[in-house]
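Subject: Structure handover

Hello,

Here is the structure you are taking over. Please open it beside this email and follow the notes as you read.

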Amino acid sequence: MPRVLPLVLALSLAGSAGSAVAAPASTPSTDWHHAAEIVRSIDEPDIPARTVDVTDYGAVGDGSTDARPAIEAALADMERAGGGRVVLPPGTWFSAGPIRLRSHVDLHVSSGATLRFSEDPADYLPVVPSRWEGTEMFGYSPLLHAHRVHDVAVTGGGLIDGNAEDGFAAWRELQGEDQQALRRMGKEGVPVEERVFGEGHYLRPSMLQFYESSDVLVEGVTIVDAPMWVNHFIYSDDITVRDVTVKTHRPNNDGVAIDSSSDVLVENNDFQGIGDDCVVVKSGRDEDGRRVGRPSENIVVRGNRMSGTEGGFAIGSEMSGGVNTVFVERNTMDTIGSALYIKANLDRGGVVERVRIRDITVGTAEKVLRFQTDYSGYQGGNHPPAFRDFVVENVRAGIVSDAAITAVGVPSSPVRDVTVRRMWVDQARIPLELKHTENVHLHNVWIGGQRMDDAEPTAG
């Protein structure tokens, strides 16, 4: 029988770069049939077979003429006609402000086309309802914005350029006062309609944001130079993100942010050098997240390629509404901060549970599996988060500069019911770092050439 690890175990071992232990084939878990059911249940958008080219509306793809009026007119007309595809052909299409997506309409950015947004923040007013770092507010419009629509898509092989370098990017150094003001408003229950951060404020908008929307598809496009979170889904359902390339390296440029949303498939995407988490699941911040009380659930993340400075796959830190029923498999991570990262602090509350992870390959990382309950931004609350019911299987990692596995709970809310089966880490400075945990089991876990448990070897 495997032993339960002690509350604190921090061993420093240095193994060879190439472990002699070979990873067996994955053993299916009885839980994974649910992942297939989630994928089958997700409705992709119903887009009629009708097409219009933006040049029919007078758009000019010269990179400087404002094509936004023509694009907006084409989208609106297509929605009135019952839906279809609005095509940006090869060329550079400049938009002096946000583009509003419509129901039953696919905005198709063709191969050879670039949709480039204005760098002037003033172009993204008036304010719209949003959620900024987990707190509801009214702020600058996202660049591509879908609000209360359904059967909506952004597709194609082209490029979407947020052009933040000369505009919104500078706001990160200016946002501190507004950031703290919004957090106080959420904590004190200020009515949402009074949380207005427009002209004279510095809270950056998301790149693509789908708010209270359903039957959503983002497919095939390449996204660069985003101001904030890249693909952001708030209070939305039936979401597919497939074959998307994200190359945006700034802080807070999470590749996909699933925010109090359900029935989500994120597959076969390429996250290159992301400046934050590649894929992250959230559900609101502190009191405001608990007030809304909408979890993120029924999520499948598979077959993605990831590299970046923070998490590969992450949950939190804004997870106050809860996260449950998440399946992560067959993801490859090159150079990453924390490959599998669950994070919160004592302000958050909320429960993260029923998470299944398997078949993960990691090149170099700071940490492989990380549970953190003292994440930054703590404001003195006493709402311990709950992390429980995790199964992690078949993970292979190379050089780990910090801890291979770290789980640090709090005395009143230990990290509990975590099983790790078949993990191989070639080298780690600290193999295991556990504190305030309950019912944590390791089976066939090898770190630095040494076995970290008493379980018999598991057959493939």
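Residues are numbered from 1 along each chain as its sequence is written, and side-chain values use heavy atoms, with hydrogens and water left out.

Confidence. The average pLDDT (the predictor's confidence in each residue, from 0 to 100) is 92 for the chain, and 92% of the residues score at least 70. Residues 1-28 stay under 50, and the model gives them 76 contacts (heavy atoms within 4.5 Å) beyond four places in sequence. Residues 455-460 are also below 50, with 13 contacts beyond near neighbours in sequence. Where pLDDT is low, the predicted coordinates should not be read in detail.

Strands. Helices (H or I, at least four residues) and strands (E, at least two) are DSSP runs, numbered from the N terminus. Strands pair if DSSP finds at least two bridges between them. β18 runs parallel to β15 (residues 214-219), joined by 5 bridges; Val218 has Val241 in β18 as its bridge partner. β18 also pairs in the parallel sense with β21 (residues 262-267), again over 5 bridges, and here Asp237 is partnered with Ser262 in β21.

Cores. A nonpolar core is a set of buried Ala, Val, Leu, Ile, Met, Phe, Trp, Tyr and Cys residues joined through side-chain atoms within 4.5 Å. The largest has 100 residues, of which Leu107, Leu144 and Phe210 touch the most other members. Another core, apart from it, has 13 residues, including Trp132, Ala181, Leu182 and Tyr341.

Helix α3. The 13 residues of α3 (residues 176-188) should span 18 Å at 1.5 Å a residue, and the end C-alpha atoms are 18 Å apart, which agrees; the expected span is 1.5 Å times one less than the number of residues. Its buried residues include Ala181, Leu182 and Arg183, and what covers the buried residues of α3 includes β8 (128-132) and α4 (286-292). Why does Arg183 count as buried? Because its relative accessibility is 13%. Beyond four places in sequence, Arg183 contacts Glu133, Arg285, Gly377 and Gln379.

Regards

Technical notes:
Predicted model: local features only at pLDDT ≥ 70, side-chain atom pairs only at ≥ 80, totals over all residues. Buried < 20%, exposed > 50% of the residue type's maximum accessible area, 1.4 Å probe, protein only.
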